[in-house]
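I opened this notebook to record what I looked up in one structure.

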Amino acid sequence: IQSISQLKNQLESDLEQELKSVGLLTAMQLDAKDVEKVFDARGESDPDFVKVQNQLDHILEQQGIMFWSYIWKMEDGGVNTVGYTNNLNEVYEVGELFTDIAPEHMTAAEQAIENGKPAVTSIFEDTFGSWRTVFSPIQDQKGNTIALLGIDYSADYIEAIIQKSITKQIVIAVIGLVILFAVLFFTIIRL
């Protein structure tokens with residue numbers, strides 16, 4: 001029988017794998033050529049930016065649990081925010097060098113670039129809230145990473161999923177024990 005701590009660790013590990021899968025599949029929905037075009041976008045009304053933002057908004061809508069997503073082009077001293085969902089219009093500006101980055105963000109972003117695979121942060125806090133983020137490389141046809149897709153999930157949502165799963169496992173264990181005791185009880189009284 002697993003302890004609650006072991007169960008929580010297993011659920012967190014499974015969730016990390018799930019987030020990596022979602023990040024990878026989401027990044028694959030973006031056309032690298034469209035992403036490269038937004039490198040030169042000049043404002044939120046730029047047609048190339050609007051096209052990518054609409055794609056990200058559509059993915060956000062379809063997925064239902066992401067809080068927001070964005071595309072970063074790594075630069076010296078920060079990240080260039082080249083695309084983002086509509087709900088980030090007040091946070092980012094197209095092409096802005098963003099330097100107020102949580103260390104967990106940078107570590108996971110660098111890991112995703114280095115490994116060419118999605119990387120997930122632990123839960124962290126920044127000026128906008130508490131999050132868990134997955135970064136997925138966006139690669140061109142040659143397999144070169146040209147940018148990163150970041151998807152933020154609310155830490156409250158993540159914790160709720162884990163708590164719900166733990167509660168479900170506990171209820172199943174209790175029901176199993178009740179059934180076991182009932183079988184033992186009726187077996188003993190028949191003897």
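This is a predicted model: local features need pLDDT of at least 70, side-chain atom pairs count only at pLDDT 80 or more; totals for chains, interfaces and linings use all residues.

**Entry 1, surface.** I looked up the accessible surface of the protein chain, which comes to about 11200 Å², with 54% of it belonging to carbon and sulfur atoms. Accessible areas come from the Shrake-Rupley method with a 1.4 Å probe, and for residues only the protein chains shown count as cover.

Residues are numbered from 1 along each chain as its sequence is written, and side-chain values use heavy atoms, with hydrogens and water left out.

I found five helices and seven strands in the protein chain (DSSP runs numbered from the N terminus: helices are H or I with at least four residues, strands are E with at least two). Along the sequence I read the pattern α-α-α-β-β-β-α-β-β-β-β-α. The radius of gyration is 22 Å, well over the 16 Å that the globule rule gives for 191 residues, so the protein chain is more spread out than a compact globule. The radius is taken over C-alpha atoms, and the rule is 2.2 Å times the number of residues to the power 0.38. Along the principal axes, the C-alpha atoms fill a box of roughly 85 × 35 × 30 Å.

I recorded 39% of the 191 residues as buried (under 20% relative accessible area, with a 1.4 Å probe and protein chains only). Which residues touch the most other members of the largest nonpolar core? They are Ile71 and Ile138, in a core of 45 residues. Strand 7 (residues 145-154) gives the most to this core, with six residues. A nonpolar core is a set of buried Ala, Val, Leu, Ile, Met, Phe, Trp, Tyr and Cys residues joined through side-chain atoms within 4.5 Å.

I list contacts (heavy atoms within 4.5 Å) without residues up to four places away in sequence. Ile138 touches, among others, Ala27, Leu30, Ile71, Ile146 and Leu148. Thr81 lies in strand 2 (residues 78-84) and is buried, with a relative accessible area of 0%. The contacts of Thr81 include Ile71, Trp72, Tyr92 and Phe98. Met106 sits in helix 4 (residues 103-115) and touches Met74, Val79 and Ile101.

Key:
Buried means under 20% relative accessible area, exposed over 50%, partly exposed in between (1.4 Å probe, protein chains only).
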